[in-house]
Amino acid sequence: MIGSKLHKDVLCNSKIKIVPISEVAALKVGPRIFQYFTKVVVQAAQLCYILMKTGSPSYILLQNPPGLPSIAVTWLVCCIRRSNLIIDWHNYGYTIMSLTHGKQHPIVHLAKWYEKIFGRLADYSFCVTNAMKEDLRTNWHINTAVLTIPRYTVLMGSSCFYHYSAITLYDKPPSIFKETPLDIQHRLFMKLAEEYAPFKARTMSECSEVEKSVFTELDSRTGSVTHVQGRPALLISSTSWTEDEDFSILLRALEDFEQFINDGAQLPSLVCVITGKGPLKQYYNHLIEKLHFKHIQICTPWLEAEEYPLLLGSADLGVCLHKSSSGLDLPMKVVDMFGCCLPVCAIHFTCLHELVKHEENGLIFANSNELAEQLKMLFSDFPNVTSRLNRFRKNLQESKQLRWDESWDQTVLPVLKNP
C-alpha cells in the first residue's frame, strides 16, 4: 500500500533491493477516459525504464492485480532481456474495477480482454486457490498446453512454442505472525492506550506499582503480567476500506450484540479494533460516530508493520468481511490471523472453504444476524478455557500450518530449479 512502511525484516535484508516508484497522479483536465489513459501510459513508461535498468534477471515475478499496465510492460521487458515471466494471480483486476464502474462498463470489458490476452503470455502462473486454477484453465486457457505465442524472438517477427501451467500456491503467513506473549501484549496495549481510549484502563490501580491497560496489568514488584479480571474481549478486523468489504454488516451485528447484553445475556464488553487505510474509512468512521454503545468501544487505528502481527496475536477473535470480487481469491488477513492462532468469523463466498473450515478453525456467516448470533455463542462463556472459541484456537495451534518460506520452498523452488 502506498505510504505503508515496510517491515524491518525486509528493510534490513541485504539480498533485497527496494526500488521506489513514484505515484503517478491523474491529469485533472479532459475527459475521464483521457485522464486514465494518460496515467497508464506514464506508468508504463516509468515501469519499463526501471525494469530495463535493473540488471538481467532470470525471472521476473509479478503479482496481479494490479496488472495494468504491468503485465504488458514486464512481458515486453522479458522478451528483450530473455527473462522468464511469472505471474502470481491473487485476483482479477477487471473484477475489482467492476466494483466501481459496473460489470458492463467499456473500460471493464477492455481490462478483462487485456488481462486475458497478456496473462496467457507468462512462462509460469501461480494462483492462490484451486478454484482460480480451474478458472484459469477453463476460461483463460492457462493450462499445461503448447501455445503458438512469440517469446524471446517476438520483436524480430519470429515465433516459438513453449509450455506453461497454473500452479496453486496458497498464501501462508510469515513467521512474524504468531501468538503474542502476555508481557509483549501489555507493552503494546500501553503504547496504544496513549493514543486510543479503548485501550486505557477502566479503573485506576489501587497500587502505584501496578500498571494497567484495559486488558492487562503489570506488577512492577514481581515483573508478572496478568489479564485484568473481567476484561473485555478483543475483536479485530483489518481492511483496505474498499467496496468489496461491507462493514455495515459488522456494525449491525455489534448493535445486536449490545442489545443481547441489554436484554440480560451474560456477555463480556467488547473492544472492536478495525485497522487499515482506504477510501471508505471516513465514510465508516462517520457511521461509527453515530453509534452509542455502553458495552462496546470501536477504534480504527493505523498500525505500524511491526505492531499489526502483535495485535493479531493478542486478540480473542478475528472478523473478515472480505467478499472476493471474483469469488476466486482468499483473504490474506485470515491467513495472517490463522498464523497467530486467532479464530475467525468470515463472510461466505464461493471458495472460502479452501481456507476457513466451519466449526473447526472458525465460523462462516452470510449476514449480520448470523454474525451477531455467532458472536453471542462464542463469547457466552468468555474467557473460559473450555469454550468453543478456545477449542478453535487449540485446533489452529495443533494444525502445524506451513509458513510462507516453507510453502515457497515446496512449491516455487522446484519450478525455478527446473525451467
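Cut-off first: I call a residue buried under 20% relative accessible area, exposed over 50%, and partly exposed in between. I'm working on a predicted model here.

I found Glu-359 in the loop between S14 and S15. Its relative accessible area is 33%, so I put Glu-359 down as partly exposed. Trp-241 also has a positive phi, about 50°, and is not a glycine either. I traced Trp-241 to the loop between S10 and helix H8 (248-262). With 1% relative accessibility, Trp-241 goes in my buried column.

**The sheet.** Next I followed the strands. I get an open sheet of 6 strands with parallel pairing, ordered S12-S11-S10-S13-S14-S15. At the edges sit S12 (296-299) and S15 (362-365), each pairing on one side only. Ignoring direction, neighbouring strands are turned by 20° against each other on average. I then looked at S10 (residues 233-238) with S13 (residues 317-320): they pair in the parallel sense over 2 bridges. Leu-235 has Leu-317 in S13 as its bridge partner.

**Helices on the sheet.** Helix H11 (residues 332-339) packs on the sheet and touches S10, S13 and S14 (344-347). I read about 170° between the direction of H11 and that of S13. Helix H12 (residues 368-378) packs on the sheet too, touching S10, S13, S14 and S15. Against S15, the direction of H12 makes about 155°.

**What the record says.** I checked UniProt: an unreviewed entry lists residues 232-392 as "domain: Glycosyl transferase family". Over that stretch I note 34% helix and 17% strand, with the end C-alpha atoms 19 Å apart.

**A helix pair.** How do H4 and H5 pack? H4 (residues 93-101) and H5 (residues 106-119) meet at an angle of about 175°, and their axes are 9 Å apart. Angles over 145 degrees count as roughly antiparallel, so I log H4 and H5 as roughly antiparallel to each other. On the H4 side I see Gly-93, Tyr-94, Met-97, Ser-98 and His-101, which meet Ile-107, Val-108, Ala-111, Lys-112 and Glu-115 of H5. I sorted the residues of this contact into 5 nonpolar, 3 polar and 2 charged.

**Cis peptides.** Last stop was the loop between S1 (59-64) and H3 (70-81), where I found Pro-65. The Asn-64 to Pro-65 peptide bond is cis, omega near -5°. Pro-69 lies in the loop between S1 and H3 as well. The bond from Leu-68 to Pro-69 is also cis, with omega near 10°.

How values were computed: Residues are numbered from 1 along each chain as its sequence is written. This is a predicted model: local features need pLDDT of at least 70, side-chain atom pairs count only at pLDDT 80 or more; totals for chains, interfaces and linings use all residues. Side-chain values use heavy atoms; hydrogens and water are left out. UniProt positions are given in the numbering used here, feature names are shortened, and annotations may be inferred rather than shown by experiment. Helices (H or I, at least four residues) and strands (E, at least two) are DSSP runs, numbered from the N terminus. Axes are lines fitted to C-alpha atoms, for helices over the stretch in contact, and angles run from 0 to 180 degrees between N-to-C directions. Angles under 35 degrees count as roughly parallel, over 145 as roughly antiparallel, 65 to 115 as roughly perpendicular and the rest as oblique. Contact means heavy atoms within 4.5 Å. Ala, Val, Leu, Ile, Met, Phe, Trp, Tyr, Cys and Pro count as nonpolar, Asp, Glu, Lys and Arg as charged, and the others, Gly among them, as polar. Two strands pair if DSSP finds at least two bridges between them. Buried means under 20% relative accessible area, exposed over 50%, partly exposed in between (1.4 Å probe, protein chains only).
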